[in-house]
Amino acid sequence: MLRNTTTGYGQIAIFFHWTMALLIIGMLAFGLYLTTLPQTDPATFQLFQLHKSIGFVVLTLGVLRLVWRVFNPSPKLPEGMHPLEKIGAHLGHVGLYALIFAMPITGWFMVSASPWGIPTILFNVQPVPHLPVPEILGSKEQAESFFKLLHAYGAYLLIALIVVHVAAALKHHFIARDDTLRRMVSTAPAKNDT
C-alpha cells in the first residue's frame, strides 16, 4: 500500500523515513568529521561542498515529506500509551521535523553570511544563491558565528532526539510489544487492520 492507514504506514512514508534517517545520521557524522579537518585544505573545500549538496537533498526531502504528511496523516498511536507518552511522542516528532528544516537552513545562512563569499554548487553542477542575512546580526563575521552556533547546537540536539526516538521505538518493540516499530518497516496490515 502506498498510503498510510489508521494503523500502519504506507510505502511512501516508509521510504521517506528510512531514506532521511540514513541521510541525516550520515550528515551528522560527516559534519562532525568536517570540524576536525584543516579549513584551508583544498580537499576540505570539496568535502564541504558535498556536505552542503546533501544538505539540500535533505531539505528537499523534508519539504516533500511534510507535504505528504499533511495530505496523508500518520497512523494513530497505540491504544495503551500513557497520555504523557503520547505528548512526548508528538513533541519528539515536532522537534525532529523542526530540526530537519533548521539544520540545512542554518547551514545555508552560515555560508551566506561568511565573509569568504564561497559559493555553494550542488554536486559541482548547480550554483545556489546566498540568502539575504539580516543586518541586525551585525557584521558578516558576527552573523556567520551566530549561524555556526545554531548549526552546531542544532546538530547536538538532533543527535539527542534521534537517540530518544530510537530508544522509544525499541521500548515499544521489546517492552510494550506493540506494532509501533513493525509498522515503520513493513506495509503489511497491523493486527487491528484485518
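The secondary structure of the protein chain comprises four helices and two strands. The model is a predicted one. Along the sequence, these elements follow the pattern α-α-α-β-β-α. The C-alpha atoms fill a box of roughly 60 × 35 × 30 Å along the principal axes.

The chain holds 194 residues, and 35% of them are buried. Of the contacts with a separation of 6 or more, 71% join residues 24 or more positions apart. The protein chain carries 13 positive and 9 negative charges.

Pro 115 sits in the loop between helix 3 (83-113) and strand 1 (120-122). The relative accessible area of Pro 115 is 35%. Pro 115 is therefore classed as partly exposed, because this class covers values between the buried limit of under 20% and the exposed limit of over 50%. Beyond its neighbours within four places in sequence, Pro 115 is in contact with Lys 140, Glu 141 and Glu 144. Pro 115 and Met 184 are 69 residues apart in sequence. Their C-alpha atoms are 44 Å apart in space.

Technical notes. Residues are numbered from 1 along each chain as its sequence is written. This is a predicted model: local features need pLDDT of at least 70, side-chain atom pairs count only at pLDDT 80 or more; totals for chains, interfaces and linings use all residues. Side-chain values use heavy atoms; hydrogens and water are left out. Buried means under 20% relative accessible area, exposed over 50%, partly exposed in between (1.4 Å probe, protein chains only). Contact means heavy atoms within 4.5 Å. Lys and Arg count as positive and Asp and Glu as negative; His and the chain ends are not counted. The place of a charge is taken as NZ of Lys, CZ of Arg, CG of Asp or CD of Glu.
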